[in-house]
Amino acid sequence: MELSEPPLRLLFVCLGNICRSPSGENVMRSLVEAEGLEDSFQIDSAGTIGFHTGNPPDHRMTQAAQNRGIEMKGRARQVKANDLIDFDWVFAMDHENFSELKSIEKSSPDATAKIVLFCDFCEDHAEKEVPDPYYGGPEGFEKVLDLLEDGCSNFLNKWKEGNLS
Ligand code: 4NP
């Protein structure tokens, strides 16, 4: 019998957990499922604020994702200190999310997660952040998905090549 690796645990984090991070979660899940790798990953998302806790993803984001064949699942929740123990990689959508996560990490001596800016994995885009689409027009939701598809596929390729550091 082959010894199997434990799943790699990935958490996407934005502000409200109704637009960008649930999209990250579901884009990554759809890539993983397309390759039959669901046993190798555990994927979730959370927001730095609890304002939308329990809500489904924003309907504009859900529609934009559905147009690309991505089903949006999940309910909003707020990130917690234990997430930095329970996940291996935590992807911040923007610098503000990153700073929030780093301040949680500071007061969590047991935190082990790698907290990174998601756009560090983008290769086809120069953006350093996934911009908040909440108060903008439809193009903002498309930009979110463009960036997420770029970074998620690169992350998955690096994992397949054993190239994650
Ligand atoms: P998200 O977008 O952080 O990508 O989920 C937002 C959702 C809600 C709000 C802001 C951004 N809000 O202000 O309620």
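View 1. A polar side-chain atom of His52 sits 2.8 Å from an oxygen atom of the ligand, a polar contact here being a pair of N or O atoms within 3.5 Å. On its own the ligand would expose 360 Å², and the protein buries 92% of that (Shrake-Rupley areas, 1.4 Å probe). This is a predicted model, where local features need pLDDT of at least 70, side-chain atom pairs count only at pLDDT 80 or more, and totals for chains, interfaces and linings use all residues. Residues are numbered from 1 along each chain as its sequence is written, and side-chain values use heavy atoms, with hydrogens and water left out.

**View 2. Arg20 and Ile18 at the ligand.** Arg20 puts a polar side-chain atom 2.8 Å from a ligand oxygen. Ile18 uses its backbone instead: a polar atom there is 3.0 Å from an oxygen atom of the ligand.

**View 3. The shell around the ligand.** Residues around the ligand (a heavy atom within 4 Å) include Cys14, Asn17, Cys19 and Tyr135. By class, this shell has six nonpolar, three polar and two charged residues; Tyr and Cys count as nonpolar, Gly as polar.

Note on methods: A polar contact is a pair of N or O atoms within 3.5 Å; within protein, one must be able to donate a hydrogen and the other to accept it, and residues adjacent in sequence count only if both atoms are side-chain atoms.
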